[in-house]
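Here is a short walk through one protein fold. Keep the picture open while you read, and try to find each piece as it comes up.

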Amino acid sequence: MLTTRYVTGAPNWLDLGTPDLDGASAFYGGLFGWQFRPGPPETGGYGFFQLDGKTVAGGMRTAPEQGPPSWTVYFRTPDADATAKAVEQAHGRVLAQPMDVLDQGRMAILADRAGVPFGVWQPAATKGLDVVRDPGSLCWVELYTPDLPAAAGFYNTVLGWETSAVAFPGGMYTTVHPAGTEMDAMFGGIVPLEDAPARTEAAAWLPYFEVPDTDATAARAQELGGTVRLPATDLQGVGRIAEFADPYGARFAVIRSVPQQS
């Protein structure tokens, strides 16, 4: 499961690029109760979505030439420069070269073989998000890809991921977890595009946020100007999920997870 005991290869940050940061803040504030706190002037407008004073995501205004509105998932690396080189050697791309973010850490924006963007974060003062898996925070990430074996091989090479096949009603699901950990450390999954619902037209990373009531969240998202891309749906043994686009087109999903058995 995703935790804040961040290890190499695990998600440790998440941010939103949007053309209207005020509008996005109002949407996610109304949906999850987030408050947006601007960063210092030297961050160039980057700021932090917080829940009860704890950072759950970052956010910034982006221009059209920077790509469509979207969520970017970051994974922990001990060396952002080495990871960027590994990505190039594995036939991915470096979209934004490694750079220092004040004294907080070092980051890079990369793309896998299918062109799906993702980030890496080499922690310094900031280790990662303050909270995960609580209501209103990140709890899972999912990659939609045209070639599952190629994607699994790529991320194994650059981030050390290990995969496991898990049986679900209707088929198998490929989960991922950091190198050297057990399956209970899984934080996400990989889904072939041909097996994905019709709502998924292109390869992409999709973040999931935990919610106390999926149906109520879906209704509220529509009230706030979002679009329901997948209505509330039960996944046996997993939880009740729904997928949305915010008013500017950034896609995300929510889940009311089935309680873990001790």
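Predicted model: local features only at pLDDT ≥ 70, side-chain atom pairs only at ≥ 80, totals over all residues.

## Overall size

With 262 residues, a compact globule would have a radius of gyration near 18 Å, and this protein, at 17 Å, agrees with that. The radius here is taken over C-alpha atoms, and the globule rule is 2.2 Å times the number of residues to the power 0.38.

Residues are numbered from 1 along each chain as its sequence is written, and side-chain values use heavy atoms, with hydrogens and water left out.

## The parts list

How many helices and strands does the protein have? There are 4 helices and 16 strands. Both are DSSP runs numbered from the N terminus: helices are H or I with at least four residues, and strands are E with at least two.

## The eight-stranded sheet

Look for an open sheet of 8 strands in the order β2-β3-β4-β1-β5-β8-β7-β6, with mixed pairing. (Two strands pair if DSSP finds at least two bridges between them.) β2 (35-38) and β6 (93-101) stand at the edges with a single partner strand each, so one side of each has no neighbour in the sheet. On average, neighbouring strands of this sheet are turned by 30° against each other, ignoring direction.

Now zoom in on β1 (residues 11-18). It runs parallel to β4 (residues 54-61), with 4 bridges between them, and T18 has R61 as its bridge partner in β4. β1 also pairs with β5 (residues 70-76), this time antiparallel and over 6 bridges; there, L16 is partnered by W71.

β4 has another partner too: β3 (residues 47-51) joins it in the antiparallel sense through 5 bridges, and G47 sits opposite G59. These two strands make a hairpin with 2 residues between them, and D52 in the turn has a positive phi of about 55°.

Helix α1 lies across β1, β2, β3, β4 and β5, running at about 125° to β1. Angles run from 0 to 180 degrees between N-to-C directions, and axes are lines fitted to C-alpha atoms, for helices over the stretch in contact.

α1 (residues 21-32) also meets α4 (residues 214-223): their axes come within 9 Å and cross at roughly 155°. The two helices are therefore roughly antiparallel, a label for angles over 145 degrees. Which residues meet? F27, G30 and L31 in α1 touch T217, R220 and A221 in α4, where contact means heavy atoms within 4.5 Å. That set divides into 3 nonpolar, 2 polar and 1 charged.

## Around β16

Strand β16 (residues 251-257) pairs in parallel with β13 (residues 204-210) through 3 bridges, and Y208 has A253 as its bridge partner. β16 also pairs with β15 (residues 239-245), antiparallel, over 7 bridges, with I241 opposite I255. β15 and β16 form a hairpin with 5 residues between them, and G249 in the turn has a positive phi of about 110°.

Definitions and conventions. Parallel < 35°, antiparallel > 145°, perpendicular 65-115°, else oblique. Nonpolar A, V, L, I, M, F, W, Y, C, P; charged D, E, K, R; others polar.
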